[in-house]
Amino acid sequence: MSYQKIQNRINKDGFVHLKNIISQKLIKDIKSDMILCMEQFVSKIKNKNLDVKIDHYFNEITKKRGNLRSHVYKSISNMLKLYELSTSPKVQKILKNLEINSPRHLGTSIFAIEPKQNKFLTEIHQDIRNNFVSLKSLNLWFPLNSGKQIGGLGIYSGSHLLGPIKHTISKKSGFITVDSKFLKNFKFVKITNFKAGDLILFSPFALHCSIKNKGKKIRWTAAMCIDDISKTPHLNKKFNPFEKDKYVTNLTNEELLKFRN
C-alpha cells in the first residue's frame with residue numbers, strides 16, 4: 001500500500017491494517033525476553049516453539065496465587081525491546097510520510113487475550129486516558145502471533161472524527177465505555193486476519209473494542225501510542241490539547257474492575 005493510501009485510509013476511516021512490516025527476528029526477540037521473565041516462576045519445558053512456551057508459562061503463572069500474574073504482565077509490558085517495534089526502519093518511514101515529524105512515546109503495553117474468556121475484553125471506547133500533548137496521535141498495534149479464531153480488534157470506521165467524547169464506567173465489565181448513540185453513523189469493522197509482523201495503525205479517538213478469542217491459544221499484542229510534539233501550538237498555555245477529566249476517568253484498569261457487578 002502506498003504512503004498516500006495509508007494517509008487517506010487513516011484520514012477517512014481512522015485506521016489501516018498493514019502486512020509484513022516487522023521482522024520476524026524482532027518478534028522472536030520480544031518473545032524470548034517474555035520467556036526470560038516468565039520461566040523464573042514455572043517449571044521449564046523443552047518445546048522449541050516460542051508461542052507454545054509463552055502460553056504454557058502464562059497459564060501456569062495464572063494458576064498461582066497472589067499478584068504474580070499482574071506483576072509479570074506489568075513487567076513484560078515495559079520491556080525495552082518493545083520500543084524497537086516503533087523505531088524499526090519501515091515504521092519510521094511510515095510515520096514520516098504520515099507527517100508525524102517528531103514522535104513522542106506515551107508508553108507501551110502487551111495484551112494477553114485468553115481463549116473463551118470475557119473478563120479482560122474491553123467495551124467500546126476511545127484511548128483517551130493517555131497524557132497527550134498533541135492531537136496528532138496514533139495507536140500502533142503489533143500482533144505477536146496469529147491463529148484461527150483468536151479474535152482481534154473491532155473498530156467503528158470514521159468515528160475518530162468525533163474527537164474526544166464523554167465516557168462512563170460499564171457496570172457489566174468495569175471498563176470505560178460510551179453511549180450507543182455515538183455509534184449510529186459508523187460502520188463496525190472487524191480486524192481479525194492479522195499475523196505476527198503486521199501493524200495496525202488507528203486513531204486513539206476511533207471507537208473500538210475487543211473481539212472475543214474463540215480459538216485455542218492466547219492472542220498476544222504489543223501496543224503503544226505516540227503523538228507529535230511538533231504540532232503543539234497550545235503549549236504556551238497548557239500541556240494537554242484537551243481537558244481529559246471532562247471525558248474520561250483517570251482510574252487504572254485494575255481500579256476500574258472493582259466497579260464490575
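## Helix packing and cysteines

The structure holds zero disulfides. The model is a predicted one.

**Cysteines.** Cys-209 has its closest cysteine sulfur in Cys-225, 18 Å away, which is too far for a bond, since a disulfide needs the two sulfur atoms within 2.5 Å. Cys-209 is buried, at a relative accessible area of 11%. Cys-37 also counts as buried, with 16% relative accessibility. The cut-off for buried is under 20% relative accessible area.

**Helix pairs.** Two packed helices are described by the angle between their axes and the distance between the axes.

| Pair | Angle | Axis distance |
|---|---|---|
| H3 (residues 50-63) and H4 (residues 68-76) | about 140 degrees | 8 Å |
| H2 (residues 24-38) and H4 | roughly 150 degrees | within 10 Å |

**H2 with H4.** Angles over 145 degrees count as roughly antiparallel, and H2 and H4 are therefore roughly antiparallel to each other. The crossing of H2 past H4 is right-handed. On H2 the contact is formed by Met-34, Cys-37 and Met-38, and on H4 by Val-72, Ser-75 and Ile-76. Five of these contact residues are nonpolar, one is polar and none is charged. Cys-37, a buried residue, is thus part of the H2 side of this contact.

**H3 with H4.** With an angle of about 140 degrees, H3 is oblique to H4. H3 contributes Phe-58, Ile-61 and Thr-62 to the contact, while H4 contributes Leu-68, Arg-69, Val-72 and Tyr-73. The contact residues comprise five nonpolar, one polar and one charged. Val-72 of H4 is listed in the contact with H3 and in the contact with H2.

Methods. Residues numbered from 1 in each chain as written. Predicted model: local features only at pLDDT ≥ 70, side-chain atom pairs only at ≥ 80, totals over all residues. Heavy atoms only, no water. Axes fitted to C-alpha atoms, helices over the stretch in contact; angles between N-to-C directions. Helix = DSSP H or I, 4+ residues; strand = E, 2+ residues; numbered from the N terminus. Parallel < 35°, antiparallel > 145°, perpendicular 65-115°, else oblique. Contact = heavy atoms within 4.5 Å. Nonpolar A, V, L, I, M, F, W, Y, C, P; charged D, E, K, R; others polar. Buried < 20%, exposed > 50% of the residue type's maximum accessible area, 1.4 Å probe, protein only. Left-handed = near helix turned anticlockwise from the far one by under 90°.
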